[in-house]
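Hello,

I am handing this structure over to you. Please open it and keep it beside this note.

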Amino acid sequence: MNNVYIHIGPPKSGTSAIQKWLNENREYLLTQHVYYPEHELDENGVSSGNLLALFDATDPEVVFDDDKLETLMRAFADSKAKTLLLSSEFFFKRIEVLAEKLPNAVFIGYLRFPLEVAESSYNQGVKRHGQTSAFGLPATPRAYQLEILDRLIKNAGKERFVLRPYHESCFVGGNLVEDFLSQISVPAKNINQARINSSYTLEGLEFKRWFNQLTLDDLQYDMDKFLQSDKVGVRDYSFVPPVVYEQFKTAFVEQITNFCNEHEVSDKDTFIAHCEQIQQRPKLKQHINDTVFASMLNRFLQQPGVLRKVVVAYETHWKYQQPQKAPERLV
């Protein structure tokens, strides 16, 4: 009988690292009777995974495409593989339609401590989604990913979910990719420990947050590439006041404990213990001064082709725009 596994993320649980390995090792997966459709990766190894293998993203709303499903299943049959494997963190909020269209699919997801998700998601918002506001937590601690998963599991059936903790103490072999492969019975091979889609330094985050006030166009890619590789600055930081952090930590430990006790989560005791013992990273002010900003800008302008693009962006857009935060930096 053919198997279908759908990796759903969720966001900020190492999806990019898993997808990069899967995409680069498709031939090896076929030797293990697993068909993983090819997809694009950007220069940083990041992609939307197999989203476009099943969904039409030409409209503002991403819509399931039955024709694409038919094409995919033909390709799967032609591959002679026994297992179809798909991965995209965009599948997370589309589990219901996937469960209906692929009734024998099993969903694989990773659980990460909600405070880590919140801080990592903010970093991603600045990196890729034009976030300009400072970091903040909601008034009430709510683990939204757990709430969504709880509803989807109840609707689709708990037997269709494989839930794993996102922490190295729980990973098979101490590695996320090896852990994922163990869930689909594929022996680990060619495991690369390199980090994918890493967070910016504090300085890089504030540099990008300032530039998000402006029209970046293709400079968005150049800046992301530069800031992911730039090693100058602080990488270990938190913006949450310590008292607030402890309040949210206590609430989230209770929520994740309740979730793990209600649903089948592998190594839940080890994971809950990790959540209870987690320590906040150093609390730092979310700010860089003009000297640090100028130094980063100088390094950025030295990247190939960037100076020309910056001049064009200034003449085309920036000199007509009025950033609210530190507008003097544009002069």
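Predicted model: local features only at pLDDT ≥ 70, side-chain atom pairs only at ≥ 80, totals over all residues.

Residues are numbered from 1 along each chain as its sequence is written, and side-chain values use heavy atoms, with hydrogens and water left out.

The cores. The largest nonpolar core has 75 residues. (Such a core is a set of buried Ala, Val, Leu, Ile, Met, Phe, Trp, Tyr and Cys residues joined through side-chain atoms within 4.5 Å; buried means under 20% relative accessible area, with a 1.4 Å probe and protein chains only.) I6 and L54 have the most contacts inside this core. Helix α11, residues 242–262, gives the most to it, with seven residues. (Helices are DSSP runs of H or I, at least four residues, and strands are runs of E, at least two, numbered from the N terminus.) Another core, of 18 residues, lies apart from it; V34, L176, V177 and F180 are among them.

Helix α9. This helix spans residues 202–211, and ten of its ten residues are buried. Among them are E203, K208, R209 and W210. Its cover includes α6, α10 and α13.

Residue K12. K12 sits in the loop between β1 (3–7) and α1 (15–24). K12 is buried yet has no salt bridge (a side-chain nitrogen of Lys or Arg within 4 Å of a carboxyl oxygen of Asp or Glu). The nearest side chain of opposite charge, E89, is 6.7 Å away.

Best wishes

Key: Buried < 20%, exposed > 50% of the residue type's maximum accessible area, 1.4 Å probe, protein only. Contact = heavy atoms within 4.5 Å. Lys, Arg positive; Asp, Glu negative; His and termini not counted.
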